[in-house]
Protein chains: 2
Amino acid sequence: MPDSTPHGFRFAGLHCGIKPQLPDLALITTAAPCIAVGVYTQNLVRAACIDWNRSITPTASIRGIVINSGNANACTGHQGERDNRQMASCLASAMQSQTNVEIKPEQILVLSTGVIGRHLPMDKVETGIQRAITEQSGSLEAFYRAAEAIRTTDHNRKTVVRDWQDNGKTFRIVGMAKGAGMIGPNMATMLCVLTTDFPLTVEFADRAIRLAANQSFNCISVEGHTSTNDSLILLAPTATDVMEQSAGHTQFQKLLSEVCLELALKIPTDGEGATHLIHIQIQGANSAADADRIARTIALSNLVKTAVSGGDPNWGRVVSAAGYAGVPLQVDQMRLEINGLLLFDAGQPVPFEPAVVSRSIRQTPTTSIDLVVGSGPGTAQHWTSDLTADYVKLNADYTT
Amino acid sequence: MPDSTPHGFRFAGLHCGIKPQLPDLALITTAAPCIAVGVYTQNLVRAACIDWNRSITPTASIRGIVINSGNANACTGHQGERDNRQMASCLASAMQSQTNVEIKPEQILVLSTGVIGRHLPMDKVETGIQRAITEQSGSLEAFYRAAEAIRTTDHNRKTVVRDWQDNGKTFRIVGMAKGAGMIGPNMATMLCVLTTDFPLTVEFADRAIRLAANQSFNCISVEGHTSTNDSLILLAPTATDVMEQSAGHTQFQKLLSEVCLELALKIPTDGEGATHLIHIQIQGANSAADADRIARTIALSNLVKTAVSGGDPNWGRVVSAAGYAGVPLQVDQMRLEINGLLLFDAGQPVPFEPAVVSRSIRQTPTTSIDLVVGSGPGTAQHWTSDLTADYVKLNADYTT
């Protein structure tokens, strides 16, 4: 456990007034221009910040990120684009006054999350940025305040902090994420910002974050609604000597993937109204892509998700969801286990005690669904949350 | 309103014991071999009855249909196939004893609906078929009893009866459908049987039912889980003179499409736990297929469905669902109306009074979502139900 955030970064989190009470504005600033790489939503309807960040990353000249919660600044047209640029300009000039170094708006990334279709209260945001710049610090406490300020319906802040040794030197990585609803598995499904003091090249960082995202944030969902604002960003200092194949870099990639997975799993675990994390593992598909499609189809079935929340051993819903995934499968080779209990084998139902399966589901926070769909080499895994009446209540009344 | 069912058909519906109390077995028999055409689920995991019926239809030699509810006979392997054939054999021999005409099992269609993965109690089913054959009649009351017996979680039986004149002669069509959950829009999404005394050729009937299905049962959903047992079947007497292009046939096609749409809309209207029917209309897509994909993506979004059930004017969920449908759209040409109230125009939010939109949603049983996504020629419509806590409660505890 590190005693500080990565060297060269400062954090702040505070309440600026977008939300009635809770923290809603976070900053990350860097002591020197650093590498920033990102993975963004595939939604064609996207927030102003997505287009802004996409036009900037990958880059080696980032000086900061400003993040607001409570308002997605999505579907807000030209006004939204102007507001987004103004957020970047405001942080750039505040930093410039402090440092006497020229900082351009294009050296600042912007992330927004919250309600779609409303204009930002820019006076509050600008006052907040001015205040945050005076409060920022490299302490873990400041990092946790920033992580608090990016929450929307999340029950708790979602953070991971790690340190490790490389060639006798200590490095650190800290990550914060937010997300509990509007989580759909089509490339980066929430906000997540990672900072490290391990030096990287832009090329290495860009490859590393994509690999990590594919094994983590791209394998989770809550209800499958791909958001307008999803972003995963990694900040790191620039490597002076390029040693991409070093043991240190291999270790970093492994660690980055672990941190991303740990942060990603916090999202369906905290899924709106969720009482179970559901871990779906597919084997025997024709390809990994086919296995992934089956896993996602099962994960998005409300009937599967309600069966889990109710502890109902209604395994036909899992098998039938696989059947409409749109990829080939061999029914007579299908085999299903829920929490290790065999329910369907070689396409035939297996006699089982419903009360035993039901008790196992009810008493375990994670429900394992292991499905064999044939004898092919394709495997995949996916994590999602169950569906409860509380999810419906939360979302029936979100903006009103 | 006709005073009887179509000439040449008899119906029965009763309780045979698959369910604890409610009617669970229905028969339709024909006085002479008739035309049967069908449209079936696209699910690769499908019930024994689907394979059986698919191997038989389209045909001109059908003598009856036996339908059970309470058990889908799906994922039941070879035993399920034997049980399905036995249902057909049992009805065929009971009819043969009564009529002294040879009737083969292959002249009987079978439909099953209910829980997946359990074997049928064949002794009860066979006793039920024997009894039903003695109770059948051509009265509307018998038809309604049959319609009662195919229900599962449906609140009410779903029937449409019509008559019309053609060349001074009266013809009739009656249809029964069931479905309230596991309704996913991928070709015929429930059970529906239509019988008419209007004579048809196999070729005309087969085309007619596909056209009608595409504009009705293929445009509805509840939660989008494509069932293992979906079937839509039309029975009609064989036309002796082939006059497919006659005004009478054109009128029949129109009527068939109307009856299918009327029956189809009863399904999301009665969607499990539903409080609103949602009618989604898309304009301006590049093609009808693109428009359809956008409509379905919106229809399957739990966030859209919960916003409607809660009367929450959270229109960003509709627009963002369109954005991840996977087809092109022009954000700066997008325009959204909910219940005729303009909320988003030319990619910009329109100022509106949330309480007015909320009241309109709450006070109207059908919520209209009208979305323009560009200036292309593609249009589509789709009907779905909203998502409530009651849907979750119903489905969290279905088999236990």
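Analyst: A residue counts as buried under 20% relative accessible area, as exposed over 50%, and as partly exposed in between. The model is predicted, and the values below are computed from it.

User: What makes Lys254(A) exposed?

Analyst: Lys254(A) has a relative accessible area of 55%, and since exposed means over 50%, Lys254(A) is therefore called exposed.

User: Why is the pair of Glu258(A) and Lys254(A) called a salt bridge?

Analyst: The closest N and O atoms of Glu258(A) and Lys254(A) are 3.1 Å apart, and the rule asks for a distance within 4 Å, so the pair qualifies. Both residues belong to helix H6 (residues 247–269) of chain A, where, being 4 residues apart, they are separated by about one helical turn. Arg162(A), Lys254(A), Glu258(A) and Glu262(A) are linked in a network of salt bridges.

User: How do you know that Glu262(B) and Arg162(B) form a salt bridge, and which parts of the chain does the pair link?

Analyst: Their closest N and O atoms are 2.8 Å apart, which is within 4 Å, and the pair is therefore a salt bridge. The pair links distant parts of the chain, with Glu262(B) in helix H6 (residues 247–269) of chain B and Arg162(B) in strand S5 (residues 158–166) of chain B, 100 residues apart. Glu262(B), with a relative accessible area of 34%, is partly exposed, and Arg162(B), with 23%, is partly exposed.

Methods. Residues numbered from 1 in each chain as written. Chains lettered and ligands numbered in written order. Predicted model: local features only at pLDDT ≥ 70, side-chain atom pairs only at ≥ 80, totals over all residues. Heavy atoms only, no water. Salt bridge = Lys/Arg side-chain N within 4 Å of Asp/Glu carboxyl O. Helix = DSSP H or I, 4+ residues; strand = E, 2+ residues; numbered from the N terminus. Buried < 20%, exposed > 50% of the residue type's maximum accessible area, 1.4 Å probe, protein only.
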